[in-house]
Amino acid sequence: MIGTISQAPILSFAEMATSISEIQQGHAHLLKTGLFYNNTFASNKLISFAVTNPDPVTLSYAHSVFTHITNPISFSYNSLIRAYANSRTPQNALFLFHQMLEGPVFPDKYSFTFVLKACAELGGVQEGRQIHGQVLKLGIGFDVFVANTLIHVYGKSGHFGVARNLLDRMTNRDVVSWNALLSAYIETGFIRLARSFFDEMKERNVESWNFMISGYLSTGLLEEARSIFDRMPVKDVVSWNAIITGYAHTSCFDEVLVLFEDMLREEVKPDNCTLVNVLSACAHLGALGQGEWIHAYIDKNGIGTNGFVATALVDMYSKCGNIGKALNVFRNASQKDISTWNSIIVGLGMHGFGENALETFSKMLAKGFEPNEVTFIAVLSACSRAGLLNEGRHMFQLMVDDFGIQPTIEHYGCMVDLLGRVGLLEEAFNLVKTRPLKEAPVLWESLLSACKNHGNVEMAEQVARKLLELNPQDSAGYVQLSNTYAALKRWDDVSNVRRKMKALNINKVPGCSMIEVDGVVHEFLAGEGMILEQI
């Protein structure tokens with residue numbers, strides 16, 4: 001009785017654990033009390049954690065726990081096989097399965113289901129065939145769970161005929177059976193076959209519709225995805241997230257906000273994925289009012305402003321011009337990751353607070369965060385905007401020498417912009433010349449802009465010629481050169497450049513500005529009237 005009472009709390013603790021450290025605490029308690037060796041059920045709870053958390057560290061720990069169980073049962077094997085099947089190393093599921101075949105604990109139908117899932121992830125159709133033979137010998141070949149997974153194994157490896165034959169021969173197939181083949185068509189890129197199969201499906205559920213939406217979006221067919229979405233009898237949060245993400249990726253940010261309002265109207269509760277996409281749309285549109293309303297919604301519904309949501313809020317407030325609120329969100333976020341730090345550094349740099357950006361970078365290092373490529377783009381950009389030449393040079397060298405990050409075109413772009421901003425045009429020119437031709441155009445454009453700002457016509461002409469050599473039809477070189485001449489009141493040269501553009505039929509892409517007034521985004525195109533987008 002005493003053992004039963006003391007056992008229950010630790011098992012509940014293991015079930016509710018959310019981190020490997022908590023599982024280790026539970027493991028230590030089981031070892032101390034002797035439950036680990038005397039109660040297989042208790043030790044299995046530790047392994048089960050890896051099923052929903054199949055990262056390398058957790059899996060390694062779970063496998064270590066497994067090897068110390070005196071008499072593992074099928075549940076022990078199945079939990080670990082399932083965890084490996086969901087991981088980046090599904091081949092390990094096959095090794096464990098082979099161990100089971102040797103006894104004394106032999107595979108059951110769940111073992112076959114999980115190992116077949118591993119075969120699908122590996123693209124191991126030959127292994128799948130061998131296991132298929134085994135399940136037929138055991139008489140469980142048409143068990144609905146086993147057969148559904150077999151359909152996915154064959155379908156995902158491109159053996160659609162075999163998969164369809166299995167489906168047609170099933171006597172007790174369910175909607176998961178149909179979805180197994182539908183998802184295989186989509187994952188292998190056969191979207192037309194998927195649509196044809198979808199139209200003939202005898203059973204569908206919300207997951208079936210979501211597969212089709214994701215399939216169309218993955219091939220860039222947004223209108224087709226929207227058509228499926230609009231026809232759905234029932235939509236869940238995954239459906240809304242898929243279509244919202246589709247519009248966000250094609251920069252249709254106004255439609256993202258419309259969809260978000262529709263989602264709330266249909267009383268579907270948004271999750272973190274939804275909120276990140278919608279906040280990103282607000283950031284791109286400069287829709288501060290909408291962003292503040294979403295922030296209030298997050299607070300009202302007790303959604304934590306940590307991780308990705310905190311990053312999205314910082315980014316939104318920064319891009320919408322309220323760096324004070326961005327800083328408040330950052331400071332109040334109880335959990336920050338590298339993207340959160342990057343976002344506030346970008347925001348500070350964007351608002352001209354270069355020195356504050358550098359201080360934040362130093363605090364980030366002191367907290368033990370490892371900077372990445374994006375971090376240094378943010379820091380170098382902040383130095384450029386604030387004209388911090390020495391600090392920018394130091395950060396560039398720090399990135400290469402201390403952190404081993406190889407500079408990309410974005411890093412070089414920041415350095416060219418910084419050198420150009422402080423008037424070191426010759427040094428910037430020499431830096432651009434070291435870059436490959438495919439990277440050069442955007443760097444030459446940055447340098448040409450600096451030449452205009454400093455009135456260096458001789459270098460501007462030289463840089464413009466470089467740009468036109470790389471892309472004669474690009475308007476950027478002509479426009480920047482024309483602006484340089486205009487700044488110096490050399491109107492004849494301005495006319496010559498414009499005549500050349502007209503003769504070559506080169507047109508400048510019109511500029512665009514957007515402002516939000518009373519929930520309406522007003523878009524202004526140069527040379528045209530006003531466009532209104534209700535959000």
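This is a predicted model: local features need pLDDT of at least 70, side-chain atom pairs count only at pLDDT 80 or more; totals for chains, interfaces and linings use all residues.
Residues are numbered from 1 along each chain as its sequence is written, and side-chain values use heavy atoms, with hydrogens and water left out.

Some terms, then. A pocket is an open set of points on a 1 Å grid over the protein atoms alone, with protein on both sides within 12 Å along at least five of seven lines; a 1.4 Å probe fits at the points, and lining residues have an atom within 4 Å of one. Volume is the space filled by probe spheres set on the points, which are joined across faces, edges and corners. On that basis the second largest pocket comes to about 250 Å³.

Helices α21 (323-332), α22 (338-350) and α23 (354-366) each put at least two residues into this lining, and α23 gives the most, with four. Helices here are DSSP runs of H or I, at least four residues long, numbered from the N terminus. By class, the lining has five nonpolar, two polar and five charged residues. Nonpolar covers Ala, Val, Leu, Ile, Met, Phe, Trp, Tyr, Cys and Pro, charged covers Asp, Glu, Lys and Arg, and the others, Gly among them, are polar.

## The largest pocket

The largest pocket holds about 560 Å³ of space. It has 20 lining residues, and the closest to its centre are Lys 117, Asn 148, Thr 149, His 152 and Val 176.

Four helices, α8 (109-122), α10 (144-156), α12 (175-187) and α14 (206-218), each supply at least two lining residues. The biggest share is from α8, with six.

## Cysteines and a loop glycine

Look for disulfides (cysteine sulfur pairs within 2.5 Å) and the whole structure gives zero. Cys 383 is in none, and the nearest cysteine sulfur, on Cys 414, is 9.1 Å away. Cys 383 counts as buried because its relative accessibility is 0%; buried means under 20%, exposed over 50%, and partly exposed in between, with a 1.4 Å probe and protein chains only. Cys 119 is buried too, at 1%.

Gly 123 sits in the loop between α8 and α9 (125-138). At 49% relative accessible area, Gly 123 is partly exposed. Its C-alpha is 8.9 Å from that of Tyr 154, 31 residues apart along the chain.
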